[in-house]
Amino acid sequence: MVMTWEQRFADINAMRARFAAVVDDLVTEDERVAAVFADITWDKLPESARSHPRFVNVGIREQLMIDVAGGLAMAGLRPIAHTFASFLVERPFEQIKIGLNHQDVGAVLVSAGASYDLAVDGRTHESPADVALLSTLPDWTISVPGHADEAEAMLRAAAGRSDLEYIRLSTDTNAKAYWNGEDGFTVLRRGREGTVVAVGPLADPVLAATAGMDLTVLYAPRVRPFDRETLRRTLSSPDVALVEPYLTGTSAAEVDAALEDIPHRLLSIGVPAKELRRYGTPQEHAAAYGLDVRGLRSRLARFF
């Protein structure tokens, strides 16, 4: 199925649209905040933003975008950089490592596209490994909002800090915001036979898939730092399933570290490393990877 750019953007729903509106507010309201774009979403900003001196569009030069963000941070500004995840994290990873981490400066990276939201554009626009890749670097706060209200709150809070933050936007959203504004996990359901950690927009599919099962469901909109304390405190049975909307097992080591003194079983569910060589919609990819309600229920039922 071939979709026009306008149709694709409409499908990218409130999260990305909310980002465009909020970043305009932040730059206007706070003289410390600057925004760096690499063409993506630039045409969705109001004209007042595109002509503002602290809005910068470097074109399709993503490595330059990160280095510009690093330079702005070294000059005392709070840069927010934005493009699709594959172009924001994977392509300029060396610049993130050197221009941000090594220089010991802060920035906010806000991606769109997630793992396969833009699979209609091919593998270049897919990024299931972005969170795993950033997790190899120290000091990053990584947030995976499941709703536009959460994304806005996370972005506004990040703009007021000076650390390294990654906010991963997606087309998939939960029906409502579950995040309570705290750094830790939110308990969505309590059970006695095991725990499911549902990351970001997978909360609603996990809740539907575990309906009628005696399981605790924890909502994780922030995965770095990983909330080990809540996982331990709510653990009823040492059987844990980790359901992530990106590379399978990205946070498996975090679960194991949280339960290092407790014999436990862990099921990791996510996007496989093996490439699915198909175009298609996000829903079709979720089904192919077993991340829809039917696939999740089948795997979780077998495990628990």
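1. A quick word on naming before the walk-through: helices (H or I, at least four residues) and strands (E, at least two) are DSSP runs, numbered from the N terminus. By that naming, Thr41 is found in the loop between β1 and α3 (47-50). Thr41 is not a glycine, yet its phi is positive, about 75°.

2. Please keep in mind that this is a predicted model, in which local features need pLDDT of at least 70 and side-chain atom pairs count only at pLDDT 80 or more, while totals for chains, interfaces and linings use all residues. Residues are numbered from 1 along each chain as its sequence is written, and side-chain values use heavy atoms, with hydrogens and water left out.

3. The peptide bond from Arg224 to Pro225 is cis, with omega near 0°, and Pro225 belongs to the loop between β10 (222-224) and α10 (228-233). As background for both backbone points, most residues other than glycine have a negative phi, and most peptide bonds are trans.

4. How is the protein chain divided? The domain assignment gives domain 1 (11-168) and domain 2 (186-303); such bounds come from an automatic or database domain assignment. Taken over C-alpha atoms, the centres of domain 1 and domain 2 are 26 Å apart.

5. The two domains touch: 26 residues of domain 1 are in contact (heavy atoms within 4.5 Å) with 24 residues of domain 2. About 1900 Å² is buried between domain 1 and domain 2, with carbon and sulfur atoms giving 59% of that area. Buried area here is the accessible area (1.4 Å probe) that two parts lose on being put together, summed over both.

6. Which charged pair deserves a look at this interface? Glu275 forms a salt bridge with Arg123, and their closest N and O atoms are 3.9 Å apart. The rule, a side-chain nitrogen of Lys or Arg within 4 Å of a carboxyl oxygen of Asp or Glu, finds one salt bridge across the interface of domain 1 and domain 2. On the side of domain 1 that touches domain 2, α7 (130-134), β5 (140-143) and α8 (148-159) each supply at least two residues. The largest share, four residues, comes from β5.

7. By this rule the salt bridge count comes to 19. Arg91 forms one of them with Glu62, the closest N and O atoms being 3.1 Å apart. That pair links distant parts of the chain, 29 residues apart: Arg91 lies in the loop between α5 (85-90) and α6 (93-102), and Glu62 in helix α4 (residues 62-74).

8. Finally, the aromatic rings. Rings of Phe, Tyr and Trp (its six-membered ring) pair if their centres lie within 6.5 Å; planes under 30 degrees apart count as stacked, over 60 as edge-to-face and the rest as tilted. The count comes to nine aromatic pairs. Phe37 and Phe55 form a tilted one, 6.1 Å centre to centre with 35° between the planes.
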